Amino acid sequence: MSVLEEIIHSDPILILTGAGISKESGLSTFRDPDGIWAKYRIEDVATPEAFQTNPKRVLDFYNVRRSQMNNPLIKPNKAHTALAELEAFWPGGVLLVSQNIDDLHERGGSKKIIHMHGELSKSRCNNCDEITYFQDNLSPESKCDHCGFIGSIRPNVVWFGEMPLHMELILSELGLCRLFLSIGTSGNVYPAAGFVQEARQNGAFTVELNLEKSEVGSYFHESHYGPATDLVPEFVGKLRDLL
Ligand code: APR
């Protein structure tokens with residue numbers, strides 16, 4: 001019997017996703033040869049210091065990514081929808097922790113989602129901390145609807161050097177999950193890259209689904225390599241067969 005078959009219906013599942021799960025929907029990853037960090041320097045567009053020195057460049061970087069995300073041609077793919085189906089049928093509960101700031105998991109039907117690196121569809125005011133949904137562009141002249149401040153609005157996205165969101169909840173869920181599934185992430189950025197070891201130490205069965213072996217690939221009990229739209233529906237089917 002494969003270890004996966006020892007997973008029982010009441011066992012909670014924690015899923016970590018990265019940019020690879022959105023690649024087949026048409027959104028770029030970060031570290032693939034055609035990725036975002038091949039076109040932009042992190043220190044120019046994704047740090048608090050960058051926002052201090054050149055807010056327009058940072059805001060324009062996220063304006064471009066938001067308009068890409070809102071392009072009607074960009075849709076959730078079979079990997080997103082398979083995870084939503086898993087959440088709907090798995091009795092033990094499924095928590096989706098995503099490093100992605102796009103909204104494809106929501107649009108794919110997932111409900112229990114933690115965006116540990118924030119969300120492109122939300123802004124935050126540096127003056128009053130108000131977080132609001134918005135769809136258009138941000139500029140240094142943008143005004144906070146809550147406190148009226150001008151120039152204090154930033155994307156509600158976690159930058160390098162900042163603490164990811166909801167870490168306490170994520171770590172407690174990592175202690176409870178019996179299956180840890182990592183999808184479409186290179187394992188380059190901590191703390192997310194350390195989740196597999198955390199889950200494994202707490203007794204979870206750990207599986208990596210990725211196009212290629214990630215930086216932390218050797219920590220997983222089981223790995224499958226290929227496109228997410230093939231691997232994820234197939235793996236979700238295996239879990240459905242356990243019921
Ligand atoms: N199916 C599955 N995996 C894929 C696919 C695909 N179709 N295409 C690419 N991948 C894999 C790549 O092989 C790579 O291992 O997805 C991974 C993407 O890795 P990164 O580009 O590093 O993205 P990610 O791991 O999400 O980055 C983590 O780094 O820059 C920060 O905040 C940013 O959240 C991001 C974090």
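Hi everyone. I'd like to start with Arg178, where a polar side-chain atom sits 3.2 Å from the backbone oxygen of Asn202. Before going further, please keep in mind that this is a predicted model.

So, where is Arg178? It belongs to the loop between helix 7 and strand 7. With a relative accessible area of 27%, Arg178 is partly exposed. If we set aside neighbours within four places in sequence, the contacts of Arg178 are Ile7, Asp11, Pro12, Asn202, Gly203, Ala204 and Phe205. Phe205 is 27 residues from Arg178 along the chain, yet the two C-alpha atoms are separated by 6.0 Å.

Now to the ligand. Which residues come nearest to it? There are 23 residues around the ligand, and the nearest are Ala19, Phe30, Arg31, Thr185 and Ser186. Sorted by class, that shell contains eight nonpolar, ten polar and five charged residues.

Thr185 places a polar side-chain atom 2.6 Å from a ligand oxygen. For Gly184, it is a backbone N or O atom that lies 3.3 Å from an oxygen atom of the ligand. Glu212 uses its side chain, with an N or O atom 3.3 Å from a ligand oxygen. As for cover, the ligand on its own has 740 Å² of accessible area, and the protein covers 95% of that.

Thr185 takes us to another residue, Gln99. The side chains of Gln99 and Thr185 are joined by a polar contact of 2.8 Å. You'll find Gln99 in the loop between strand 2 (94–98) and helix 6 (104–108). Is Gln99 buried or exposed? Its relative accessible area is 12%, so Gln99 counts as buried. Beyond its neighbours within four places in sequence, Gln99 is in contact with Leu16, Thr17, Gly18, Met116, His117, Thr185, Val189 and Ala192.

Next, the aromatics. How many aromatic pairs does a search of the whole structure find? The search gives eight. One of them is Phe30 with Trp37, a tilted pair with 5.4 Å from centre to centre and 35° between the planes. You'll remember Phe30 from the list of residues nearest the ligand; its relative accessible area is 23%, so Phe30 is partly exposed.

Then there's Phe61 with Tyr62. Their ring centres are 4.8 Å apart and the planes meet at 80°, so this pair is edge-to-face. Phe61 and Tyr62 are both buried.

On to the backbone. As a reminder, most residues other than glycine have a negative phi, and most peptide bonds are trans. Here are some places to look at with that in mind.

The peptide bond from Tyr190 to Pro191 is cis, and its omega is near 5°. Pro191 lies in the loop between strand 7 and helix 8. Gly194 is also found in the loop between strand 7 (179–183) and helix 8 (195–201). Since its relative accessible area is 16%, Gly194 is buried.

Asp129 is not a glycine, but its phi is positive, about 70°. Asp129 sits in the loop between strand 4 (118–125) and strand 5 (131–133), and at 53% relative accessibility it counts as exposed.

His166 has a positive phi too, near 60°. Its loop runs between strand 6 (153–157) and helix 7 (167–176). His166 has 47% relative accessibility, so it counts as partly exposed.

One last stop: Ser218, in the loop between strand 8 (205–210) and strand 9 (222–225). Is Ser218 buried or exposed? At 56% relative accessibility, Ser218 counts as exposed. Ser218 and Glu208 are ten residues apart in sequence, and their C-alpha atoms are 9.6 Å apart in space.

Methods
Residues numbered from 1 in each chain as written. Heavy atoms only, no water. Near = heavy atom within 4 Å. Polar contact = N/O pair within 3.5 Å; in protein donor to acceptor, adjacent residues only side chain to side chain. Areas by Shrake-Rupley, 256 points an atom, 1.4 Å probe, with all protein chains shown as cover. Nonpolar A, V, L, I, M, F, W, Y, C, P; charged D, E, K, R; others polar. Helix = DSSP H or I, 4+ residues; strand = E, 2+ residues; numbered from the N terminus. Buried < 20%, exposed > 50% of the residue type's maximum accessible area, 1.4 Å probe, protein only. Contact = heavy atoms within 4.5 Å. Phe/Tyr/Trp six-rings, centres within 6.5 Å; stacked < 30°, edge-to-face > 60°.
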